[in-house]
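This briefing sets out selected features of one protein chain, grouped by topic. Please read it alongside the sequence and the structure shown here.

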Amino acid sequence: MSRWFAPLIAMCVALTTVVEAETYVSGNIETATWTASGSPYIVTDTSYVAPEAVLTIDPGVDVLVSGDVPIHFMGRLDAIGTQTDSIR
């Protein structure tokens, strides 16, 4: 029984470990796609989506804004979530 214990524990830890990325955002934003794998996107300072730029936010992305930090859109925002995979 003891020879199965260590592999079993390792497998349980591997299955329950969640790796979450954090992406910090501030300043000028050129054309970009924010994906779930880079989520959450944390806006830490005043940010600008540049003219002619397109910011696409994929379903499943979390966008967090520090305090009263503004995001100015001079370009275009494409953000379409779904009922089962929303943008928060």
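**Aromatic pair and nonpolar core**

Y41 has a relative accessibility of 6% and therefore counts as buried. The model is a predicted one, and the points below begin with the ring pair to which Y41 belongs.

Aromatic pair
- The structure contains one aromatic pair. Its members are W34 and Y41, whose ring centres lie 4.6 Å apart with planes at 5°, so the pair is stacked.
- W34 is likewise classed as buried, because its relative accessibility is 7% and the cut-off for buried is under 20%.

Nonpolar core
- The largest nonpolar core comprises eleven residues, among them W34 and Y41.
- The greatest contribution is that of β3, which provides three residues.
- In soluble globular proteins, nonpolar side chains tend to be buried together.

Loops and backbone geometry
- P40 lies in the loop between β2 (32-34) and β3. The peptide bond leading from S39 to P40 is cis, its omega being near 5°.
- E52 is located in the loop between β3 and β4. This non-glycine residue has a positive phi, near 75°.
- E52 counts as exposed because its relative accessibility is 77%, where the cut-off for exposed is over 50%.

How values were computed: Residues are numbered from 1 along each chain as its sequence is written. This is a predicted model: local features need pLDDT of at least 70, side-chain atom pairs count only at pLDDT 80 or more; totals for chains, interfaces and linings use all residues. Side-chain values use heavy atoms; hydrogens and water are left out. A nonpolar core is a set of buried Ala, Val, Leu, Ile, Met, Phe, Trp, Tyr and Cys residues joined through side-chain atoms within 4.5 Å. Buried means under 20% relative accessible area, exposed over 50%, partly exposed in between (1.4 Å probe, protein chains only). Helices (H or I, at least four residues) and strands (E, at least two) are DSSP runs, numbered from the N terminus. Rings of Phe, Tyr and Trp (its six-membered ring) pair if their centres lie within 6.5 Å; planes under 30 degrees apart count as stacked, over 60 as edge-to-face and the rest as tilted.
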